[in-house]
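Hello,

Please find the structure below.

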Protein chains: 4
Amino acid sequence: MGKDVYNRRLRGGMVGGGPGAFIGPVHRMAATMDGEAEFVAGCFSRDAAKSKEAGDALHLDPARVYRSYREMAEQEAKKPAGEKLDFVSIVVTTAYHYEVARCFVEHGFNVVCDKPMTTSLEDAHALSDLVGKAGTAFVLTHNYTGYPMVKEARHRVATGELGRVNKVVVEYPQGWLSQLVEGGASEISMWRMDPAQAGPSNCTGDIGIHAENLCRYVTGLEIDEVCAEASSFIPDHKLDDDSMMLLRFKGGAKGILYASQISSGEENGLNIRVYGTKKGLQWWQEEPNYLVLKDPAGYQTRLSRGNPDLVCAIAKEYMRTPFGHPEGFIEAFANVYREGFKTIRAQVAGDPDPGADHPTVHDGVAGLAFIATVLESSKSDRKWTKMKS
Amino acid sequence: MGKDVYNRRLRGGMVGGGPGAFIGPVHRMAATMDGEAEFVAGCFSRDAAKSKEAGDALHLDPARVYRSYREMAEQEAKKPAGEKLDFVSIVVTTAYHYEVARCFVEHGFNVVCDKPMTTSLEDAHALSDLVGKAGTAFVLTHNYTGYPMVKEARHRVATGELGRVNKVVVEYPQGWLSQLVEGGASEISMWRMDPAQAGPSNCTGDIGIHAENLCRYVTGLEIDEVCAEASSFIPDHKLDDDSMMLLRFKGGAKGILYASQISSGEENGLNIRVYGTKKGLQWWQEEPNYLVLKDPAGYQTRLSRGNPDLVCAIAKEYMRTPFGHPEGFIEAFANVYREGFKTIRAQVAGDPDPGADHPTVHDGVAGLAFIATVLESSKSDRKWTKMKS
Amino acid sequence: MGKDVYNRRLRGGMVGGGPGAFIGPVHRMAATMDGEAEFVAGCFSRDAAKSKEAGDALHLDPARVYRSYREMAEQEAKKPAGEKLDFVSIVVTTAYHYEVARCFVEHGFNVVCDKPMTTSLEDAHALSDLVGKAGTAFVLTHNYTGYPMVKEARHRVATGELGRVNKVVVEYPQGWLSQLVEGGASEISMWRMDPAQAGPSNCTGDIGIHAENLCRYVTGLEIDEVCAEASSFIPDHKLDDDSMMLLRFKGGAKGILYASQISSGEENGLNIRVYGTKKGLQWWQEEPNYLVLKDPAGYQTRLSRGNPDLVCAIAKEYMRTPFGHPEGFIEAFANVYREGFKTIRAQVAGDPDPGADHPTVHDGVAGLAFIATVLESSKSDRKWTKMKS
Amino acid sequence: MGKDVYNRRLRGGMVGGGPGAFIGPVHRMAATMDGEAEFVAGCFSRDAAKSKEAGDALHLDPARVYRSYREMAEQEAKKPAGEKLDFVSIVVTTAYHYEVARCFVEHGFNVVCDKPMTTSLEDAHALSDLVGKAGTAFVLTHNYTGYPMVKEARHRVATGELGRVNKVVVEYPQGWLSQLVEGGASEISMWRMDPAQAGPSNCTGDIGIHAENLCRYVTGLEIDEVCAEASSFIPDHKLDDDSMMLLRFKGGAKGILYASQISSGEENGLNIRVYGTKKGLQWWQEEPNYLVLKDPAGYQTRLSRGNPDLVCAIAKEYMRTPFGHPEGFIEAFANVYREGFKTIRAQVAGDPDPGADHPTVHDGVAGLAFIATVLESSKSDRKWTKMKS
């Protein structure tokens, strides 16, 4: 029963990602890159005309293009085994993640959800509980951990090559909101800056959690205490557009985390530096095919993706092209889907969880806990705030 | 008749690209990335079992997985309009490009063919004539010209921003054969090093023509004379593994072109530098999202893919992700397909050639003319050899 | 009287800088690079034999090589005008800066002093008062502000090219102590790690103040409040070897400052990033000949030292070599001396202070205030600590 | 007799280097950087007033500032041992190198001479013979070989770390003349472009020989045959402003050498890449503190100057600052002087040649042989021209 799922393309549905969207198309390219899945149903917009437009552009059967996500969940739940969706990708604005994900989980669907998972820690816990009870697969697209050299970094740290880690610096500077600080582009009123749609945080919630997730994934360290300053430089901006903090990790390591949307001229500069007693390492999202190891004796070694001497099995496996042939953002995103599909296939087949390497509903809870802690710390006079869970 | 081709996914077939192949999967990812095409038929290997294995892995209808390319051409030619292949991608080893392409063109198919187009200039001319008569579309995957910043470079040169071009340096250093020079990996006997499969040239034919194509695409200059030295450093290697040359362009500019497979430690270092009377520019395939302009007054400007101030319309259009979110080799390859699909759709619809921006059968002829000229120059005592055509 | 000082080499003396020292020779190379000064007297070590050895190596008159700095101050103060020292460079360990500087100022000498100026804020104020009363010149060698592209950065900020500055990130990571964390090099017991010699701080005092000084010099911003965490990762290390902090500047800008000696594999990575409403800039000490300006539209401009379009007069003037001919650490140090010599010559000539561009005794006070504030903040439970003065 | 030379500063004289000169001040900074020499005499210009102006600026005894180099040679030759010049630095325009050097050698002086040594191969041989007979020291300032990481590169090649060298690419692109191609700066009529002053070559003679010298120094390979194209892109320019060539080395290696003054936007981009059977290496003058080793398995190692694991003794010794503290052009130049001083001191002391690591009169001959070969090859219809000697 359902074992054929290992020998066929997965059938996906999508909620969100209509005309003009950025992350929806990325999900579609990522999910289908390796020929393992195709999207066959969707509700791409709350505007039925736009939803239809998107469905047509994707050459979908019009009968499977819906006017509301509820209708989609209800109708698709009735499909026979041979047509039923194996997963639904949720790429709506953050404010709707929770209700849409809840609806599909309740209807028994496996879910791939963009981050942040919800707008509140309470919702995150509720969703996590629900997924646990439903026994469905849940893949959170913290896409940056899909880069092979991030996986290699994680393994180099885990195997002790750096020695004991003392210091971590993780940054996520962007500059795309910097010109709003002077009001130069005031006509742009984005949903990310609107508490009703983005939740209580903009910068920390949108990109700070990527930095936190990357830090946790690479170092394996858990943040114990945070001392944060979240700021709104844009006039009348209710949410944060810059978020900087000192970190104390369990076990004694310390760190700095910095996310910003007003760092003029920065593009998408997520990067991490990890310093152990023996070596340091550095990875930078804008040159993602390389991992740099730094030796105190005065040399740096730049490892290329595709190097046969990589120690991380999955980093070696995830090589669509040889070194020197750059892979990028979409391929990394595809790697999250590829691992997610392992979990999804096992779920459809009724097999045990294969322990695939992708973020889950638990990472979603951790992200919301981080956001809540940062916001609390930022308002506090106390220097250090314990990490929530 | 056939106008529906604008509103549906293209149907593709593939010849070659079976288990273990590198470029076949790249073609599949590239062709399907934007949801504009799907592969529905193929002959993936001369070994019928392997062809079947590949077809299964791709979830194809077994009835459309063939044992020979001739069978495929014949059978697929009989399909009704609603099933007929819109194009066939040819990714077999170079020695078979000509006969396979010829066969499909003769059966009326549009062809996407990997480079070099053939193993001889004569075959190239013959294929070009055949395509001309058949009126079919022919797309040659000189993939590096698919990078948006290469297109931007071309436009910056064309609009005169650099002034009159005097000097061009184009390099394509690789190191993957360097260890064979000492016999260290003698078990590897690759088809690229076998004249029967690769034709009369290895290095010039495999990567030298990418450098030549890039040079021509970016500068718009035509090579007038070549002074070349093609070398075989690997013992008993019948073909060249290093190829270097001085160039004289029509109009007075001069240049250096250098392709090598024994440049130890180089990965896939295709790069071009163009120097005009006003400015210089530099593009490097291993950091393909950037174009560097160099000003004699002492500053360099690094333009990012996605920059709204790019002057090249197509470079702005081909933005799957914003700047800071790296695109790579596969996305560039997909851009060649995307432009190719414009030509293919027009052909299927019976519309005029839309003049899309992709390499054609004429670029294939130019590549073979270049190879022949380089080999002749290399054997000659004369300093300069006129470029063949 | 004394006006000949404009037409002759300055006569310098040195205290410290004996065999094995690092910074002493740098001072000598820097002070003499442009032929404007020569050292003619010195007390190079508390060990008279070593002092003599150093004096001989420098080809000094043995009569002007002293056994103690007091003897030197007393004897040199008696020299006639035509032989008298124009300045004394103090390069002893930090613990002795105050008493040596005090002694020479009291004897009427102009002083060039390494940083940190003293080991306590109290001593710094006392020395500042003394210098004020004596009317002597005082040059503090915060050498990194001597780099021409740092001066250019300062001017670009000052002229408003970046818009209003919102965010500053300044880092000074080093890794040279990282291996001590595991006790791997325990035989090294350096004076910098000894409170008796280095004062109450190691990392903040040695390199944190360079970061603070660079930040103040480039941005012109004054730190209002600090939230700091100074750490000792090396077992039994009484002083800090890592120092990280959040900053609030007067006027509303915010920032991060990070200095570390246990960031394995980092060399001498002082760098600053400044983000305004219009642009960002970046300067990195390990590639000091360049200044990078970042535009939110998606391009970066790298300006070279020597570029005729620089806006800073002094950056254009301080060009010993054209662009492309790298200048480094010693040349930047020499620039501090060169500006210092303007002040010293004016003092000797009895002319008004020419307002030369070099750090002074006031920067020394600011540095010690910064150290004291950081240490207090680090011990405090309060999140923010007001900057001392 | 003369043994005191080991315990005192050397006395230098200079011919050329008057007001406005670039390389004269560099020689002065380089020669005096380590306190091993001082300039005490000179003839800085053919214009006596300018010579005096320069002498005053250097605080020289007016009696030792001369109106002509002949007068200087004659007068200085009469000085007693305790005052006599230990060396004379010749920094006049190239056309005068030969006659000035000849004059000082004939008067028994040790000479430090800028490059190219002469304007003809005949003069170079004559000067070499003369120096051989006179037994004086002769130091040629091919300054780029003074960089520690160039020395390290040489040693890594010599010890076989790269395996057998097959391919060398050495480039020296500059762009400072590019704007003359359009006549944009026609008022500049530089001596380097005047055959009467620069000799028969501009670009090859000025910078091509640096590339040749660097190539020979690093690889130890001798050029056997040259296939060159020297070009004049600047209208009415009698000399070459771009020079590119293919190389065959004795022993079978091949290479490309490229020097240019019309490569718009390039600064002083001398660089070398060496590819052996095992590894590749790369050094770039604009980031001179690093040497990059490239491994075919897909990683690069960047070694820093100052790294204790360097294999070259002299590279480790020549460390004025630790890694991370950049050294530059002047320091490299100073290293040539420092080695030259070993030879000069031995000559003064009557000791045997110590075999110091600096270019000599023989390198000067090799440089002129290279220029002559390139010019002959460039005019020839034959593909390959044997290297002259």
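**Two helices in chain A**

The crossing of α1(A) and α10(A) is right-handed. A crossing is called right-handed if the near helix is turned clockwise from the far one by less than a right angle, and left-handed if it is turned anticlockwise. Helices (H or I, at least four residues) and strands (E, at least two) are DSSP runs, numbered from the N terminus.

This is a predicted model, in which local features need pLDDT of at least 70 and side-chain atom pairs count only at pLDDT 80 or more, while totals for chains, interfaces and linings use all residues. Residues are numbered from 1 along each chain as its sequence is written, and chains are lettered from A and ligands numbered from 1 in the order in which they are written.

Two packed helices are described by the angle between their axes and the distance between the axes. For α1 (residues 23–32) and α10 (residues 329–349) of chain A, the angle is about 65 degrees and the axes are 8 Å apart. Here axes are lines fitted to C-alpha atoms, for helices over the stretch in contact, and angles run from 0 to 180 degrees between N-to-C directions. α1(A) is therefore roughly perpendicular to α10(A). Angles under 35 degrees count as roughly parallel, over 145 as roughly antiparallel, 65 to 115 as roughly perpendicular and the rest as oblique.

Which residues of α1(A) and α10(A) meet? From α1(A) they are A:V26, A:M29, A:A30 and A:A31, and from α10(A) they are A:I330, A:F333, A:A334 and A:Y337. Two residues are in contact if their C-beta atoms, placed from the backbone, lie within 7 Å. By class, this contact of α1(A) with α10(A) has eight nonpolar, no polar and no charged residues. Ala, Val, Leu, Ile, Met, Phe, Trp, Tyr, Cys and Pro count as nonpolar, Asp, Glu, Lys and Arg as charged, and the others, Gly among them, as polar.

**Helices in chain D**

In chain D, α5 (residues 121–134) and α11 (residues 361–379) cross at roughly 165 degrees, and their axes come within 9 Å. That angle makes α5(D) roughly antiparallel to α11(D). The crossing of α5(D) and α11(D) is left-handed. The residues that meet include D:L121 and D:A124 in α5(D), and D:V361 and D:H362 in α11(D). The contact of α5(D) with α11(D) divides into nine nonpolar, four polar and no charged residues.

Helix α6 (residues 148–158) of chain D is largely enclosed by the rest of the structure, because nine of its eleven residues are buried. A residue is buried if 20 or more other C-beta atoms lie within 10 Å of its own, exposed if 12 or fewer, and partly exposed in between, with C-beta atoms placed from the backbone. Among the buried residues of α6(D) are the charged D:K151, D:E152, D:R154 and D:R156. D:G160 follows α6(D) and has a positive phi, near 85 degrees.

Two copies of a chain are related by a rotation about an axis and a shift along it.

The contact takes 41 residues from chain A and 41 residues from chain C. β9(A) gives the largest share of the chain A side, four residues. By class, that side has eleven nonpolar, 16 polar and 14 charged residues. The copies meet through the same surface, because 100% of the interface residues of chain A are also interface residues in chain C.

A:I256 lies in β9 (residues 254–260) of chain A. Is A:I256 buried or exposed? A:I256 counts as buried because it has 23 C-beta neighbours inside 10 Å. Not counting residues up to four places away in sequence, A:I256 touches A:V169, A:L246, A:L247, C:M244, C:I256 and C:Y258.

**Where chain D meets chain C**

The contact takes 28 residues from chain D and 28 residues from chain C. On the chain D side, α1 (23–32) and α10 (329–349) are the elements that give two or more residues. The largest share, four residues, comes from α1(D).

Regards
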